[in-house]
Amino acid sequence: QLLALSPAQLEKCDIALMNLLCAQGLRGAENLDVQQNLDTLDQWVRHVRYETVRNYHRFLDHPEEYNNSEAYYRMIMLATVLQEDFQAHYDPERALPQLRGEREPNDVFFADAGDVFIHGLLGGDRHGTCSSLPVLYAAVAQRLGYPVDLASTVDHLYLRYEEGTNHLNVDAAGEGFITHSDEEYRRWPHPLTDEEIKTYGYLKPMSQREILGAFLIIRAGSLTSMRRYDEAAESWGMANRYLPETPVLKQLVARAKERADNTHKADRWDELWEQVMTQPLPDMEPKSKYFQDRQ
């Protein structure tokens with residue numbers, strides 16, 4: 001049903017609903033109840049709204065402490081409530097290796113859907129990653145009526161709050177309240193050229209089509225970690241419908257299809273190998289032991 005939406009319908013689709021639907025059927029989402037998660041999210045939104053209004057006098061009394069920006073105040077309150085009242089954090093066991101500059105293999109990063117989709121933050125241990133925390137923040141902000149969108153750089157999602165002719169970037173993947181300029185995102189986590197920014201649509205608000213495409217890629221990563229290569233290739237193919245066409249994306253889609261095809265070949269190889277292993281060997285003592293070891 002989600003994939004059948006027209007472009008106009010998709011632009012009105014709730015980001016949290018899209019994210020939860022893309023998590024269905026994955027490892028770590030076996031008991032996923034979409035409506036229950038949406039209800040929990042709405043409860044959190046009500047609390048964030050209450051705390052934002054209750055503490056608004058702090059901004060009025062000392063706006064300089066919030067960079068003289070109401071957007072800054074709103075987002076710092078949102079981050080504070082989610083982190084302190086609801087304990088929504090980056091998974092600490094996964095954060096330490098990354099702080100040391102160690103990159104997790106994809107099969108590890110995507111192994112548990114609860115780490116990369118928002119249901120892991122709305123229930124359970126409430127730990128997530130840079131794939132899920134920005135989505136949670138955006139879902140809360142949009143429900144509060146804030147002009148907040150997801151934006152991306154290489155291998156990273158963050159939030160962009162449009163404030164008149166200016167905008168505020170908020171990074172949801174760390175502890176506390178973190179903001180980076182566009183220039184900083186041009187250099188981190190990987191340096192970007194002007195051509196790359198234009199080609200891949202980095203450092204600007206993502207459309208709902210692009211967001212759905214990103215969620216489908218995350219789903220494909222989870223399916224690949226589960227060795228469900230056919231479905232992973234299908235998910236990559238669907239993502240290709242929603243994301244800007246680039247040489248890298250084309251290569252990744254082709255690689256996923258090739259991996260699925262090779263898996264079928266490998267299954268056939270396994271069948272043949274089983275037949276080989278069950279073939280009787282002639283009694284050729286003392287050489288029979290030699291052949292058995294190399295069968």
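A: Let us begin with W44, which lies in helix α3 (residues 34-54). Please keep in mind that this is a predicted model.

Q: Is W44 buried or exposed?

A: The assignment rests on relative accessibility, and buried means under 20%. W44 has 3% relative accessibility and therefore counts as buried.

Q: With which residues is W44 in contact, leaving aside its neighbours within four places in sequence?

A: W44 is in contact with L82, F86, L121, L122, R126 and L136.

Q: How many residues are buried in the protein as a whole, as a percentage?

A: Of the 295 residues in the protein, 44% are buried. The protein holds 16 helices and five strands, and its C-alpha trace spans about 95 × 40 × 40 Å along the principal axes. Among contacts between residues at least 6 apart in sequence, 58% join residues at least 24 apart.

Q: L82 was named as a contact of W44. Which residues of α5 are buried?

A: L82 is one of the buried residues of α5, together with A71, Y72, Y73, M75, M77, L78, A79, V81 and Q83.

Q: What is found at the two ends of α5?

A: At the start of α5, a side-chain oxygen of S69 comes to within 3.3 Å of the backbone nitrogen of A71. After α5 comes Q87, which has a positive phi, near 55 degrees.

Q: How does the span of helix α13 agree with its number of residues?

A: At 1.5 Å a residue, the 18 residues of α13 (residues 208-225) should span 26 Å, and the distance between its end C-alpha atoms is 26 Å, which agrees. This helix is mostly covered, with 16 of its 18 residues buried. R227 follows α13 and has a positive phi near 65 degrees.

Q: Which residues does S235 contact, leaving aside its neighbours within four places in sequence?

A: S235 is in contact with L216, R219, A220 and L223. S235 itself is found in helix α14 (residues 229-242). Its relative accessibility is 1%, so S235 counts as buried.

Q: How is the packing of two helices described?

A: Two quantities are used: the angle between the helix axes and the distance between those axes. Here, helix α2 (residues 15-23) packs with α10 at an angle of about 145 degrees, and their axes are 9 Å apart.

Q: Which residues of α2 and α10 meet?

A: From α2, the residues are I15, A16 and N19; from α10, they are V135, A138, A139, Q142 and R143. By class, this contact has five nonpolar, two polar and one charged residues.

Q: Let us turn to the strands. How do strands of a sheet pair?

A: They pair through backbone hydrogen bonds, in either a parallel or an antiparallel manner. In this model there is an open sheet of three strands in the order β3-β4-β5, with antiparallel pairing. The edge strands are β3 (148-153) and β5 (166-170), each of which pairs on one side only. From one strand to the next, the twist averages 35 degrees.

Q: How many bridges join β3 to β4, and how many join β4 to β5?

A: Six bridges join β3 to β4 (residues 156-163), and A151 has Y158 in β4 as its bridge partner. Five bridges join β4 to β5, where the bridge partner of L159 is V170. Strand β4 is mostly covered: six of its eight residues are buried.

Q: Which residues take a positive phi in the two hairpins?

A: In the hairpin of β3 and β4, D155 has a positive phi near 60 degrees, and two residues stand between the strands. The hairpin of β4 and β5 also has two residues between its strands, and G164 takes a positive phi near 65 degrees.

Q: Which helix lies across β3 and β4?

A: Helix α10 (residues 133-143) lies across β3 and β4, running at about 160 degrees to β3.

Note on methods:
Residues are numbered from 1 along each chain as its sequence is written. This is a predicted model: local features need pLDDT of at least 70, side-chain atom pairs count only at pLDDT 80 or more; totals for chains, interfaces and linings use all residues. Side-chain values use heavy atoms; hydrogens and water are left out. Buried means under 20% relative accessible area, exposed over 50%, partly exposed in between (1.4 Å probe, protein chains only). Helices (H or I, at least four residues) and strands (E, at least two) are DSSP runs, numbered from the N terminus. A polar contact is a pair of N or O atoms within 3.5 Å; within protein, one must be able to donate a hydrogen and the other to accept it, and residues adjacent in sequence count only if both atoms are side-chain atoms. Two strands pair if DSSP finds at least two bridges between them. Axes are lines fitted to C-alpha atoms, for helices over the stretch in contact, and angles run from 0 to 180 degrees between N-to-C directions. Contact means heavy atoms within 4.5 Å. Ala, Val, Leu, Ile, Met, Phe, Trp, Tyr, Cys and Pro count as nonpolar, Asp, Glu, Lys and Arg as charged, and the others, Gly among them, as polar. The expected span of a helix is 1.5 Å times one less than its number of residues.
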